[in-house]
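Student: Could you walk me through this model, taking my questions as they come?
Tutor: Gladly; please have the sequence and the structure open beside you.

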There are 2 protein chains.
Amino acid sequence: MPKNRVARLKSRPVGLVTRDNFDIESDELPGLEEGQILVKIQFVSLDPAMRGWLAEGKSYVEPVAVGDVMRSYSAGIVEESRHPDFAPGDAVAGMFGVQEYAIIDSRAALRVDTSLAPLERWIGGLGMPGVTAYFGLLDIGNPKEGETLVVSAASGAVGSIVGQIGKLKGLRVVGIAGGPEKCKYIVDELGFDAAVDYKAGNLRAALKEHCPDGVDIYFENVGGEITDTVMNLMNIGGRVPVCGMISVYNATEIPPGLKSIRSVLVNRLRVQGFIVFDFAKRYPEAVKALGEWHASGLLKMREDVRDGGVDAFPDVLNMLYSGENNGKLVLRV
Amino acid sequence: MPKNRVARLKSRPVGLVTRDNFDIESDELPGLEEGQILVKIQFVSLDPAMRGWLAEGKSYVEPVAVGDVMRSYSAGIVEESRHPDFAPGDAVAGMFGVQEYAIIDSRAALRVDTSLAPLERWIGGLGMPGVTAYFGLLDIGNPKEGETLVVSAASGAVGSIVGQIGKLKGLRVVGIAGGPEKCKYIVDELGFDAAVDYKAGNLRAALKEHCPDGVDIYFENVGGEITDTVMNLMNIGGRVPVCGMISVYNATEIPPGLKSIRSVLVNRLRVQGFIVFDFAKRYPEAVKALGEWHASGLLKMREDVRDGGVDAFPDVLNMLYSGENNGKLVLRV
């Protein structure tokens, strides 16, 4: 068996993740048991939720235990199989962890079709981020044609898909992103109606200009001041799918709090948290729709693939929180 | 025609309402026009939402204009009628304002039956507060038998009905109220499973003790720290009907904000504002149910009737915000 470079959690981070929070070592791999497959991982997905998995205490899923392999959604190629459904060369995705090789139960692997899209896309727009966007907007956001959708982190893995599905469903779509490059991308490449650069100042005035009929759906990815600003522009009966709050994940003190809660009452908003795992049974529906839109050129996807292998994991993860990435952030192993 | 003592808005309050914010004078009443009725008002309802009606700017209803009669839900007896559907002696309720007499279009009056309940109850448990409780808990809260409901301002006009309907629907009901007297009342008289005195300190520990299975529904009447404490004890999939936020209505600065917003994400909560006017078409359904439960002794109601007439309105209103009232606060005219 080959050697396996693997990132294990050594200590829980305070604030941003550092290299010291992980033991990154080369291990021996054991042999396969019946029903298992050996996957050579090629891409590891970097997701905002990872910061939550590293924290102690209750979150949507169990925290990663100190000493365990860092959890991640990854994609790779089957190298050896002791299950009849998989053969060497098959492309698969799943929760394989931050490592070079994974030995997993074959039931934990999802076969993906690299003739439809490159492997890394199956952990991006055609993977969990895409499915999250699909259910969050359509099921939680309950959009009606002609409404106005605002999405934050709009050039990100989830936000970019949310906005494009919004356009497919006949919404006016305004994205919030950081910096002129990302803003240009979501309008020129993805077809958003408008982009607002939150780093440019006066977010409220810019949003009011681009949302002349108010905001019916705010797809929440960030938390903090941006959220307060949008919440105060919501129309009566508005919906706020709460997908993430990336601005507060690394906070070492309790963040200032949502000051716009009065808008929930006055405008009778529905603010609803969700996670993609709640829709597990309906994954195939979402992947089918996303795949068809993607194949017809209606849904554009972009990955930002970073090199450096398992050793680069902590640094690449932090790019998410500083907003350095352009498109779905992926680590090449 | 008799003289009419009337409270008109003179200036918008900053913080608590004061006597100086109103012109309270005796006016001449004009004669009735065709289709109008003259109502001698007996009871004026004091509602937390009044503070919002006095503020400038967007709220759920238009603010009361400076110079206008203070808006209120009131009940009284028809003294003169120029409409065939009403006769002198009829008991009616409606938005009659803070005054001794109202001349109104007959369509704005709702006939009430004082053989079923005393007149003041028709602006309390059988009026808007009761209807608010009914739709807020059943439609927005979506309760399922065996779940745990926490209601704040639990001895108040809305909260007391919410908790009792909760018991009728098979929920475990825990009320939050201020002081031992109110706590005793909701358990001993109204049949709540437990009461927590928020003035006694350590709200979190007390709630945890009385909600051993967590909180499935939090009926929000207060805002502020109480809300944060309950939100952090919610179960996955919990619902938070947002009915009011009495703790912040008189705030002169933006309140600190909801610090527990992360719970919305982690626990996939649905936080939803509503106002009773949104359910206007279904009023009869609610009043019928409330009336039947009340007649069978299953729904207890209590009014705290204060004397002093129209002149006492500003002082009596403030009792709501200091929590001095026991039961639905009503001003006798």
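The chat below goes through the core, some helices, the chain contact and a few loop residues.

Student: What should I keep in mind before reading anything off it?
Tutor: This is a predicted model, in which local features need pLDDT of at least 70 and side-chain atom pairs count only at pLDDT 80 or more, while totals for chains, interfaces and linings use all residues. Residues are numbered from 1 along each chain as its sequence is written, and chains are lettered from A and ligands numbered from 1 in the order in which they are written.

Student: OK, how many residues does the largest nonpolar core have?
Tutor: The largest nonpolar core has 204 residues, and those with the most contacts inside it include Val39(A), Val150(A) and Tyr218(A), along with Val39(B), Val150(B) and Tyr218(B). A nonpolar core here is a set of buried Ala, Val, Leu, Ile, Met, Phe, Trp, Tyr and Cys residues joined through C-beta atoms within 7 Å. A residue is buried if 20 or more other C-beta atoms lie within 10 Å of its own, exposed if 12 or fewer, and partly exposed in between, with C-beta atoms placed from the backbone. In soluble globular proteins, nonpolar side chains tend to be buried together.

Student: And which residues does Val39(A) touch?
Tutor: Leaving out residues up to four places away in sequence, Val39(A) touches Gly76(A), Ile77(A), Val78(A), Glu79(A), Val92(A), Phe96(A), Tyr101(A), Ala102(A), Ile104(A) and Ala109(A). Contact means that the C-beta atoms of two residues, placed from the backbone, lie within 7 Å.

Student: Switching to helices, at what angle do the axes of α2 and α8 of chain A cross?
Tutor: The axes of α2 (residues 128–140) and α8 (residues 283–295) of chain A come within 9 Å and cross at roughly 100°, and α2(A) and α8(A) are therefore roughly perpendicular to each other. Angles of 65 to 115 degrees count as roughly perpendicular, under 35 as roughly parallel, over 145 as roughly antiparallel and the rest as oblique. The axes are lines fitted to C-alpha atoms, for helices over the stretch in contact, and angles run from 0 to 180 degrees between N-to-C directions. Helices (H or I, at least four residues) and strands (E, at least two) are DSSP runs, numbered from the N terminus.

Student: Which residues meet there?
Tutor: From α2(A), Gly130(A), Val131(A), Tyr134(A) and Phe135(A) meet Tyr283(A), Ala286(A), Val287(A), Ala289(A) and Leu290(A) of α8(A). The residues of this contact divide into 8 nonpolar, 1 polar and no charged, where Ala, Val, Leu, Ile, Met, Phe, Trp, Tyr, Cys and Pro count as nonpolar, Asp, Glu, Lys and Arg as charged, and the others, Gly among them, as polar.

Student: What about α9 of chain A, which of its residues are buried?
Tutor: In α9 (residues 313–322) of chain A, the buried residues are Phe313(A), Val316(A), Leu317(A) and Leu320(A). Seen down the axis of α9(A), they fall within an arc of 105°, so they line one face of the helix; the arc is that of the directions from the helix axis to the C-beta atoms. They pack against β1 (3–9), α1 (50–54), β14 (303–306) and β15 (328–332) of chain A. Just after α9(A), Gly323(A) takes a positive phi of about 75°.

Student: And the buried residues of α4 in chain A?
Tutor: Those of α4 (residues 180–189) of chain A are Lys182(A), Cys183(A), Tyr185(A) and Ile186(A). Seen down the axis of α4(A), these buried residues fall within an arc of 160°, so they line one face of the helix. The face of α4(A) turned away from its buried side carries the exposed residues Pro180(A), Glu181(A) and Asp188(A).

Student: New topic: how many residues of chain A are in contact with chain B?
Tutor: 27 residues of chain A are in contact with 27 residues of chain B. On the chain A side, α7 (261–266) and β13 (270–273) each supply at least two residues, and the largest share, 5 residues, comes from α7(A). That side divides into 14 nonpolar, 7 polar and 6 charged residues.

Student: Last one: where is Asn202(A), and is it buried or exposed?
Tutor: Asn202(A) is in the loop between β10 (194–197) and α5 (203–210) of chain A. With 12 C-beta neighbours inside 10 Å, Asn202(A) counts as exposed. Asn202(A) has a positive phi of about 50° although it is not a glycine.
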